[in-house]
Structure formats: C-alpha cells, structure tokens
Amino acid sequence: MTVPQTLQQFLLGELKDHPERYELVMMMADIATIGKLISARTNRAGLTELTGLAGSTNVQDETQAKLDIYANDLCKNYLRKTGLFAAMASEEETDVVDLKNPGARYVIAFDPLDGSSNIDVNIPIGTIFSVHKKLEGVPAGDARQFFQKGRDQVLAGYVLYGSSTMLVFSWGEGVHAFTLDVDLGEFLLSDAHLKIPAAHPYYSFNEAYGPFIAEEDRRYLDKIRAQTGSLRYVGSFVADIHRNLIKGGAYVYPAIDTSGQGNFKPKLRLNYEAKPMALLAEQAGGVALADGVAILDIVPNELHQRVSVRIGNKKLMKEAS
Ligand code: FBP
C-alpha cells in the first residue's frame, strides 16, 4: 500500500533540490498550521460561540462574521511570529500592517476567510494567500508594497474548508494539492501537479446579477453557457474556483450596475482574491482575465482594488471572448 507523501516530506524534498527556497518552505509549513487551526475551528463552529456576526464592518463595508475576526487575528499573530514577513495586507484590515520584522524579505496579502456569507450554513469557505518579495526603498507599512503585479508573486494559494480540508498552492512550478488527514493531523499529497482538464462541464456566475451586467458580458456569458453544461455557484470564491480547477469550467464575476446608471462596479479584490487564483489558474494550464487583460499583468494602485474576473479553461475562455 503506497502512503501518500506528507507536506513535510514534500517541502523537505523541495529544500534539498532548492536550498534557496528555505523561506518559502518555512512559509508553507506555517500556512499549513494556520489552515489546520482554522479548519478545526470552522468544523466545530456550530458548537461554539464562533457563529454569527461580530457586529462590526470592515473596510469593504461588509459586516464581519465572528469567524472572519478569529481567522484574521490568528493569521496576523501567527505570521508576525514567523519573522518572515515585513508587512501584511488583509481583507479585514483597512491599512497595511507593519509587522516590525526589519530583516524580513517578504510581504503577504490574504483573505482570512473567503465566502463569509456561507460560514454559518456549513458551505465550503477558505483562506487565500499571496506572497511577494518586499520592495526595497519602500517602507514596510506602505501600501506600495502591494502595488506589485501578480506575475511577481513568489507563492500563492488557498486552504479550502469543505467536506475535507485542502491546501492548494504554487510557487511558479505547477500547482500542488494536499488533503488534511484529520487522524494523522497531516496534509497528504493528493495531486502533485494539478492541471485543469480539457473538459468544461460547469460555469459559475451569480445569475441573480444577469440583468445588471454590461452587454459585452451578457454576450460572453451566453457563449459560456452554450459551451458548458451546468451552472454551479456556491458563492465562495475558493470553492467555486477549486471545483473548476478540478473538473474544468469557467468562473465569471463581471462588474455589476444595480443603479441602471451605467455605474458598473467589480466586487472581487485584486491583491488577495484575483491575483492568487490567477497564478493557480495559469499554473494549472488555464487563463485568468479582467477586462480582456491577464490578471497577473495588472499593477495594483490601491490596496483593496477590485477587478472583474474571468477564470477557467484556456480554450473555453478564448472561444467565448
Ligand atoms: P468574502 O466572503 O471574503 O468577502 O469574499 C467575497 C465573496 O464572498 C466570494 O467568496 C464569492 O465568490 C462572492 O463574494 C460572492 O458574491 P455574491 O454574493 O455577490 O455572488
């Protein structure tokens, strides 16, 4: 019986082949621990005081769930202690947090708990992370640390808290997927090089927004619907992207205008939602576009900048555009 490789064995193997990757290896070990801690809490959320709203709103003007706050504090405190990061940006933090680690060479952006609207109803949620080299000559706590294009990410990925907890990441050499064995308390390798299949049975779009999208997006979605088979949308970015990476398909979140005044606004955040997922999609053989350009080539100019998102199979996305 073959025993799957543990994350630790995988990371030590990387270290043997790429000693220069020491810090990225340490980061992945820490992110895995954070994932296990949040997974343990989300699994038992219904039995604890961690369900429901926290009564506060974040910089996105979203009501924060108690688990949003718990996950954000856990990430912040844990990442500070690693000493690897000079600064961090989070969906739940208005400004960049200077982690006061003078020698640190990296910065990290993350969405501590993606899919907040699904927390209390036991639908998969996730944590998304994106790591860049620290920009020299720019103060650690300066938002410009995060005005780096996605193609310069040195590490990106997510932890999915679903029927099983999975850790999926890339440092630019393919996409690696691990599944948490709760009995062992170890992430075990489930897919060394995840590739989006050629098939594309599913599309993910919140159809409730159908009347509120631009004509070009409407035509695009008509082609996507025609070339896929079924609608699958759970309203957790991590879960919808994960499904489409595994099964093939398209995820589309265009700019929305509910005013009818032509005031189209995108929702998803570039730095800690679109950029990391775009790196995974491209590394898995897919494409990730925003208004016709590769998401990985966009240079952010705001910390919580939002972009429209089209992520999926290369052939499908190209044929529909
Ligand atoms: P957060 O939950 O981290 O704020 O993320 C935004 C999000 O919930 C995504 O996970 C999801 O894809 C999208 O918003 C759902 O938006 P909508 O309810 O507008 O379809």
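**A selection-by-selection tour**

Start by selecting Asn122: with 73% relative accessibility, this residue counts as exposed (over 50% relative accessible area; buried is under 20%, partly exposed in between; 1.4 Å probe, protein chains only). You're looking at a predicted model, where local features need pLDDT of at least 70 and side-chain atom pairs pLDDT 80 or more, while totals for chains, interfaces and linings use all residues. Numbering runs from 1 along each chain as its sequence is written, and side-chain values use heavy atoms, without hydrogens or water.

**Two loop residues**

While you're on Asn122, check its backbone: phi is near 60°, a positive value in a residue that isn't glycine. Asn122 sits in the loop between β5 and β6 (125-133) (strands are DSSP E runs of at least two residues, helices H or I runs of at least four, numbered from the N terminus).

Now hop to Lys100, in the loop joining β4 (97-98) and β5 (106-114). Lys100 isn't a glycine either, yet its phi is positive, at about 50°. Its relative accessibility of 63% makes Lys100 exposed.

**Down to Ser170**

Next, pick Ser170 in strand β8 (residues 165-170). Is Ser170 buried or exposed? Its relative accessibility is 0%, so Ser170 counts as buried. Show its polar contacts (N or O pairs within 3.5 Å; within protein, one donates a hydrogen and the other accepts it, and sequence-adjacent residues need two side-chain atoms). The Ser170 side chain reaches the backbone oxygen of Gly174 at 2.7 Å, and also the backbone nitrogen of Gly172 at 2.9 Å. Beyond its neighbours within four places in sequence, Ser170 is in contact (heavy atoms within 4.5 Å) with Val154, Leu155, Ala156, Val175, Leu279, Leu280 and Gln283.

**A helix pair**

Colour α5 (residues 237-247) and α6 (residues 270-283): they pack at about 10°, axes 11 Å apart. That makes α5 and α6 roughly parallel (under 35 degrees). To see where they touch, show Phe237, Val238, Ile241 and Leu245 from α5 against Glu273, Ala274, Met277 and Ala281 from α6.

**Last stop: the ligand**

Which residues come nearest to the ligand? Of the 18 residues around the ligand (a heavy atom within 4 Å), those are Asp114, Tyr209, Tyr233, Phe237 and Tyr253. Zoom in on Tyr253: one of its polar side-chain atoms lies 2.6 Å from a ligand oxygen. Finish with Arg269, which has a polar side-chain atom 3.1 Å from a ligand oxygen.

Note on methods:
Axes fitted to C-alpha atoms, helices over the stretch in contact; angles between N-to-C directions. Parallel < 35°, antiparallel > 145°, perpendicular 65-115°, else oblique.
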